[in-house]
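The sequence and structure come first, and the details follow.

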Amino acid sequence: AHATGLGARSTIGHPIGAVVGPLRLRLRIPLGAAITPNLIVATPWSFAPWVALLPNGGGSRITAFDPEGKPRWSHRVAAPLEGAFVADLDGDGVGELVVWGRDLLMAFDTAARPRFQLSLPALASHPAGIPPPWETAGLTPTVIELGPGNRVVAAGGRLIDARGRLV
């Protein structure tokens, strides 16, 4: 099976609210027999411009592909993943891959080495009886710049620095 992306949209590197036109691309990546990726992420990494989040039993497999579509590296995660983005969390000029699932947040460097892994407990109940968004739609992290080179990830009501420490 192969994944083909058409009409993908990217806002990486654009300010919030910027209008970005559709990015048209054709991508053929060998993923294995009858595997449909949960998500394909475009990265700014020239050696691995595509990262796929693939189902793997009850968990996920993160695979980075080179420009020709050959696997560059792969990492297995025990939990199902729901999303990913690339952001320079530590201010070194190279983006880290941030992935998340319902109650998990992880970051990897460009060589697939884990930078951090955090469990973020989902709230069991809400006083008003309305579950918060991360209960129903999964965790959706956001990068916040607190100052030059000082970025944190906001997720699950917490702020997390580039080393995975709570701020």
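Asp109 is buried, its relative accessible area being 12%, where buried means under 20% relative accessible area, exposed means over 50%, and partly exposed lies in between (1.4 Å probe, protein chains only). The model is a predicted one, in which local features need pLDDT of at least 70 and side-chain atom pairs count only at pLDDT 80 or more, while totals for chains, interfaces and linings use all residues. Residues are numbered from 1 along each chain as its sequence is written, and side-chain values use heavy atoms, with hydrogens and water left out.

Asp109 sits in the loop between strand E9 (104-108) and strand E10 (114-119), strands being DSSP runs of E with at least two residues, numbered from the N terminus. Leaving aside residues up to four places away in sequence, Asp109 touches Trp73 and Arg115, a contact being heavy atoms within 4.5 Å.

Six salt bridges are found in a search of the whole structure, each defined as a side-chain nitrogen of Lys or Arg within 4 Å of a carboxyl oxygen of Asp or Glu. Among them are these:

| Salt bridge | N to O distance |
|---|---|
| Asp109 and Arg113 | 2.7 Å |
| Glu145 and Arg151 | 3.8 Å |
| Arg165 and Asp161 | 2.8 Å |

Salt bridges with shared partners join Asp88, Glu145 and Arg151 into one network. As for accessibility, Arg113 counts as exposed at 52%, Glu145 is partly exposed at 46%, Arg165 is partly exposed at 45%, and Asp161 is buried at 14%.

Note on methods: Helix = DSSP H or I, 4+ residues; strand = E, 2+ residues; numbered from the N terminus.
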